[in-house]
Structure formats: C-alpha cells, structure tokens
Amino acid sequence: MARILKSGMNADTQLSINENVQQTVRGIIADVRARGDEALREYSMKFDGWNPEQFRLSPEQIEALVAQVPADQLASIRFSLDQVRTFSQAQRASIADVEIETIPGVTLGHKVLPVNSVACYVPGGRYPMIASAIMSVATARVAGVQRVVAVTPPKDGAPYPATVATMHLAGADEIYIMGGVQALAALALGTGSMAPVDMLVGPGNAYVAEAKRQLFGQVGIDLLAGPTETLVIADESVDAEMVATDLLGQAEHGTNSPSVLLTTSETLAHEVTAEIERQLRVLATGVVAAQAWREYGQIILAEDDNEMVRIADEIASEHVQVLTRDPDYFLSRMTNYGSLFLGPETNVAYGDKTIGTNHILPTGRAARYTGGLWVGKFLKTVTYQRATREASVVIGRHCSVICGVEGFAGHQRQADLRVERYGAAVPAGVAADA
C-alpha cells in the first residue's frame, strides 16, 4: 500500500478558475469586441507599457531583431527547429485520407485538411519562452496551415530579439508584439488592423488560459493548460542528485508548479529530500523552486512497479520521467501522461527545448482524455459520400424506416424521394437484403 512521505500544502493539481480572473478576462474580451484596436492599445499600455505605431512587426524590424541574436543561439534554435520539424513531418505522414466502398455503389471517405489560420501565443513573462514558438509555429507550418500568426508580449518595453528570431525562422507569416488577454481577443475576434484567426494555440498564465476558454467556440483552441507539472518515477537504481535536479528543473517554472517523486525506495526518498535542500541553496531560481516544492511538492512511496503504474495513471501528469532499471515496463503499461521520458539519458528539459517532441502538453489530469499539441491538432478530418442510383435506393429504403421510427417526416421524405426517383434501378428484394 502506497504511503505519502511528503505532501505539499496545495498538492491538488486540478486547473481551477478564479472568479476574479474570469471577470477580468470577460471584461477585456467584451471591450476588444466593442472597440477593437482602441481597446487593444489601452490594455497594451496598461499591462505592458507598450503602445507602438503598429503591433505587427515589419520585415525590416524582424530582420534587425534577428541580427541582434548571437550566432550560437541561432544555431541552437535552428537545431531545435530541425528536430521538431522532422518529428512533426513523420507524424503528418502517418495521417492519411481514406476512401472505401462499404456496399456496392456506396463510397465513403474522409479528407484530412489543415485549418486555414492559427495564432500561436508565446509567453514572455518571467522567462521568454522561445521554445514555445518552435513548438507551435513550426508544427502549424508542417501541418499546412495557410496563415500562421505569431504573437508575444514585449519584454522590458521592447520586442525580445531571440523570440522574434525563433518565430521568423519557424515560418510565421505575421509577427505581433502584444500580450495577454487583449492579444488573444484581438486575434480571435479581429480588429481594424488585423484579420481574425480560426484557432488559438500556446501556453500562458491563468489569464491567457481563461481567455482561451472563453473564446473557445468563436475559435478553436489546442488545450487549456495550467501550471506545469512533473512526475519522476524512480527506484534504487538512480542517485538522489539526478532525481532532485529533475524535480527542481520543473519547479522553477512557477511557485505553483507541482513536482512529484514516486518511488519504491524509502532510502532514495530520504536522500532526495536532503539533496533538494542542498540544491535549493545554490540554484539561481531557488526562491521560486523552493516555494513550489514546499507548497506543491510530493513524495509517494509505492510497494512495487505495478503500484507505481497505477498511481502514475491516477496522477496523469503532464511530464513523466522514468528513472528505473526497466523504463520500458512503464512505456508498455502506462496510459495517462502528456509525455514520457524514458531513462536517465533524457529529461523534461530536453522535451521542453530541443529533442523534437512537443512541449505544449495537458495539465490538471487532462492527460486522462487528451494528448498535447501536435500536427494533428491543426488538422480537420472531414467526410464525404457518394452513391450510385442503385445504392441510393438501398440506403434510402433503410433510411426511410429509421426516419419513420424517429418521427422525422422531412428526413423521411428526403429518403423516399430518392427511392421513388431511382427505384426502378433495383428490385425491391435486392434492396431489402442489402
């Protein structure tokens, strides 16, 4: 039976909706809907201290910002882009159109089509999340989206060169410097200076997540993401330094970021507790990570690997790192996770930045029913059908019966009309037996 050796004061990772956040977001969206660019400018000045001549960067501005990024940074950005594109292209190739003949004369099919326009939001608060531009913009581009818009808030009163460079290299058609709720509202609803998009994607703070929730329906969204989460599954085969490093590496995201150790080794659990305290004294982001660990960190002691699988699936964490003798045991048995990191040679930071899988992932136990952002999120599966006259009679006679049972007279007449028009094409007995 599992035991909790450490539980944070706020260990519940469910995405909660703060009423004040809800009301604030609702008011901003309504204002942007009513006043468009005028409201956008007022909120941009209020929240970001930013009121440029135009929010969209010109090609000349983009070129100048890219030129400010050091060559070694551009090289690493290009490496990460290549990784993400390669994996996204393989994913796209796995999704095919379908066409089959279900009975003689009836052809059914589906086509896989990209959405026409997408806005990719890239956070720029405590950390300028340039990797989020790679994950969203490059993936949308591989999916075949015709118009890919990238948007990010200013940092310290100006566009952040590395973020703009990443958006540009990833293939953004339009780049806007504006942040938060007002940016998402403007792009979802459209204003005098910008056309609306069909879909909003990308991570952000509680206000960004709530804006996506309220705008859903007006536009599509990728998912609703809360604070980042990590679960480390470990046994006695791994050392405390690596476990502590990997837990704190995610705790630094924010003071409400849950980090959980699930282990079969009580010795390791105690060693990790001491090692975390040691690392927090020297970690540059230790103030944030310490609060997250204190309030949201957990250590759970399980009896065996089978129980760790069960508990891990209940937690349904965004990131799951497996540091055990047999990582494949968990790959073959686990069902609820955003992304799985197998063995000590990989880690969540790799997934966040450079390895090639997408880092925009489900949180708040949403991994029970959805995966993260990938090429498929930008694609629509649309169906079509055609029938010969003979087949239309077969389908029509059965359709008429079902419509009659349901009481849909108009539907029934649609079916009956085809049977009447084309009925001479097939004997009644053949149609009934089909």
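Buried means under 20% relative accessible area, exposed over 50%, and partly exposed in between, using a 1.4 Å probe and protein chains only. The model here is predicted, so local features need pLDDT of at least 70 and side-chain atom pairs count only at pLDDT 80 or more, while totals for chains, interfaces and linings use all residues. Residues are numbered from 1 along each chain as its sequence is written, and side-chain values use heavy atoms, leaving out hydrogens and water.

Let's start with the salt bridges, each a side-chain nitrogen of Lys or Arg within 4 Å of a carboxyl oxygen of Asp or Glu. The count comes to 15, and the table shows three of them.

| Pair | Closest N to O distance |
|---|---|
| Arg 35 and Asp 31 | 2.8 Å |
| Glu 236 and Arg 325 | 2.7 Å |

Glu 236 sits in the loop between strand 9 (230-234) and helix 9 (240-251), and Arg 325 in the loop between strand 12 (319-323) and helix 13 (327-333), so their pair ties together parts 89 residues apart in sequence. Arg 325 is exposed at 58% relative accessibility, whereas Glu 236 is partly exposed at 45%.

Arg 35 and Asp 31 are 4 residues apart in helix 1, about one helical turn. Asp 31 is buried at 18%, while Arg 35 is partly exposed at 29%. Helix 1 is followed by Gly 36, whose phi is positive, near 60 degrees.

Key. Helix = DSSP H or I, 4+ residues; strand = E, 2+ residues; numbered from the N terminus.
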